[in-house]
Amino acid sequence: MTHFPSKRLPRSGAAPGRALAAGALAAALGLGALTPAAAAPAPAAVPATGAASAAGAATGVAARSPYAEEAHGFASLAGGTTGGRGGRVVTVRTQADLARYAGAAEPYVIRVAGTIDVAPFGTAVDVASDKTIIGVGTGGEIVHGELRLGPGTRNVVIRNLTIRDSFVEGDWDGKTNDFDGIQMDSVSHVWIDHNRFSRLGDGMLDIRKDSRYVTVSYNRFEDHNKALGIGWTDDVVTQVTIDHNWFRGTKQRNPSADNCAYAHLYNNHLSAQVDDGDPVWTYGNWARGRTRMVIENSYYDGVQHPYQADPTAELVQRGSVLRGTTGRTDSRGAAFDPRDHYAYRLDPAAAVPALLSRFSGPQRALGTDTVLDVPAAYPTVQSAVDAVPAGNDGRVTLRIAPGTYREKVRISVDKPKISLQGTGQNRSDTVIVYDTPAAYGGSTGSATVLIASSDVSARNLTFVNDFDEAAVELNGEQALAVKTTGDRIVFEDTAFKGNQDTLMTDSPKLDVVSRVYIRDSYLEGDVDFLYGRATTVVEDSLIRALSRGSATDNGYVTAASTWKGNPYGFLITRSRIVSDAPAGSFHLGRPWHPGGEPDAVGQVLIRETELPAAIKAVPWTDMGGFSWRDARFAEYRTYGPGAAATPDRPRMDDAQAAAHEVADYLAGRDGWAPYLS
């Protein structure tokens with residue numbers, strides 16, 4: 001079996017507008033053509049040098065989106081940092097639940113929804129290995145407490161949180177307690193991203209005691225004395241990437257890096273430094289002990305001692321902007337070349353303040369939606385569905401890699417807001433297939449994919465039931481590729497392949513209306529292959545009516561069982577029906593009354609759609625003792641060789657058709673309009 005490819009461009013798993021290149025970001029912010037300036041101890045920005053301005057632009061490395069889901073820098077090395085990938089997704093709103101899941105032995109993706117007020121004041125929540133802790137939008141907060149990663153902890157992602165207010169009044173230096181925002185000792189593979197740290201008891205972020213493979217990116221450190229400290233060890237093993245962070249209203253440790261094997265700092269912004277007259281311990285970046293530090297394309301505004309190095313350390317700086325700064329700007333030794341370890345691309349230093357004003361700290365675009373990768377993190381589509389929590393309140397996208405997945409998928413009624421997203425170039429690259437007929441479990445049991453929940457979508461995928469009805473004789477050869485009973489279901493750029501009963505769009509019971517929207521898709525079958533009682537719109541799609549080898553009766557496109565109180569059943573609009581069946585051997589549909597239900601009065605409109613010669617001159621027929629004439633079947637402006645006008649062929653006039661647009665079918669009481677996106 002073959003089908004035509006989509007007319008639309010292939011889609012990625014990312015939301016539109018997220019993957020912005022560095023130049024596009026600058027342009028979007030109205031920054032113009034920007035180049036980094038060579039740093040110098042002067043009160044204003046100094047013109048760029050040729051070598052500095054070319055840094056990053058000639059590498060050929062694509063710019064990284066601020067919303068990227070994968071760790072970068074040192075956290076991406078030696079196996080990478082994936083956090084709770086592969087584990088269940090849970091949403092927490094209490095300290096008890098946060099502690100329970102953060103400290104568990106198994107992997108979890110932990111969504112923090114709302115403010116968690118930690119008690120007693122300053123209490124640490126222990127975080128075990130293989131965890132992702134992410135705030136939902138901008139509302140995820142941990143207040144009056146800290147997150148602590150103990151020795152041996154590995155593979156942790158902490159994103160999109162606000163961690164605040166464990167400051168003890170009168171203890172500016174944090175000497176009476178050790179209430180950090182995040183503290184880690186002897187850990188490996190940690191990514192700290194898009195968080196906001198404010199008014200904490202001691203250090204905001206402490207990376208201590210031989211921790212390795214750490215990246216700190218797109219965070220805000222605000223209104224505090226000690227921001228980011230690294231070290232507390234005589235060993236020189238720590239590798240850390242610190243990029244796109246905004247240090248605002250802090251005094252010291254921006255960062256302080258002691259005995260780091262490699263400390264790579266780029267595109268950071270230091271501004272509004274606390275000015276308490278301290279000539280030594282008010283500073284920006286400090287390479288201490290035997291640290292090797294590289295600073296690139298950062299922006300220092302009004303900072304005392306922007307960057308300095310101990311005599312035993314090495315520090316290389318290039319491409320940064322200094323504005324209104326005073327004090328030390330040390331440069332000594334060769335340090336190291338970050339590109340010997342990983343690829344990256346620099347944003348222009350002059351663009352950094354505007355970029356970080358917009359993109360640092362918690363973001364509405366993060367945490368609300370969760371991405372689960374199949375099979376990279378979850379071996380099957382069903383295992384990814386199983387990881388979604390019952391009653392989940394955020395969109396969960398199952399990003400499915402190209403391949404054939406021979407399995408049944410069940411999305412239960414308590415798991416709404418799931419998106420199935422194929423990541424291949426074409427919908428035929430990613431196939432979910434099984435081969436069960438109705439003889440083994442009924443029509444519902446036969447479905448390769450069953451969607452019982454609401455607000456589910458599928459894109460760039462092919463669904464197949466490849467049961468071979470010609471190979472066996474069974475009482476129940478119906479074989480569904482997909483069955484839906486939920487409301488507000490969207491299929492876009494999808495294919496449904498089978499024979500009898502390929503796609504059933506249904507509802508939980510007769511008088512409950514569910515809505516399904518299918519766009520830019522492909523549907524094939526022979527008998528009743530688009531059927532059920534859901535209000536269903538098929539738009540801009542291709543429908544293939546398969547021949548069963550008969551010269552006179554090859555099948556039926558639709559079998560609607562619309563509730564009589566629902567004026568809208570099936571709408572096939574601006575589409576094309578094709579067939580290899582002989583001329584005059586295929587029906588457009590018949591009325592299905594499940595179990596003889598008299599109140600199931602099918603409604604079907606074929607609108608502005610091309611019909612093949614295979615369509616009969618009288619395209620509707622009876623079913624189960626019920627006359628098609630009592631159903632609500634009609635055409636409007638159909639065309640093609642199968643659209644010839646005959647007496648037994650109901651047509652809508654313009655006035656009737658005006659009340660049967662796509663919007664009329666889908667709006668319901670909530671104004672649902674998926675066709676606008």
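**Aromatic rings in a predicted model**

In this predicted model, ring pairs join Phe74, Tyr262, Tyr266, Phe336, Tyr342 and Tyr344 into a cluster. A search of the whole structure finds 21 aromatic pairs.

User: Why is the pair of Tyr266 and Tyr344 called tilted?

Analyst: The ring centres of Tyr266 and Tyr344 are 5.2 Å apart, and rings pair if their centres lie within 6.5 Å. Their planes stand at 35 degrees, and because stacked needs under 30 degrees and edge-to-face over 60, the pair is tilted.

User: What makes this pair a tie between parts that are apart in sequence?

Analyst: Tyr266 belongs to strand E19 (residues 260-266), whereas Tyr344 is in the loop between strand E26 (321-323) and helix H4 (352-359), so the pair ties together parts 78 residues apart in sequence.

User: How do you know whether Tyr266 and Tyr344 are buried or exposed?

Analyst: Buried means under 20% relative accessible area; Tyr266 has 4% and Tyr344 has 3%, so Tyr266 is buried and Tyr344 is buried as well.

User: Which class does the pair of Trp281 and Trp286 belong to?

Analyst: The centres of Trp281 and Trp286 are 5.4 Å apart with 40 degrees between the planes, and the pair is tilted.

User: What makes Arg590 lie over the face of Tyr556?

Analyst: Arg590 is at 3.9 Å from the ring centre of Tyr556, where the cut-off is within 6 Å, together with an angle within 35 degrees of the ring normal.

Definitions and conventions. Residues numbered from 1 in each chain as written. Predicted model: local features only at pLDDT ≥ 70, side-chain atom pairs only at ≥ 80, totals over all residues. Heavy atoms only, no water. Phe/Tyr/Trp six-rings, centres within 6.5 Å; stacked < 30°, edge-to-face > 60°. Helix = DSSP H or I, 4+ residues; strand = E, 2+ residues; numbered from the N terminus. Buried < 20%, exposed > 50% of the residue type's maximum accessible area, 1.4 Å probe, protein only.
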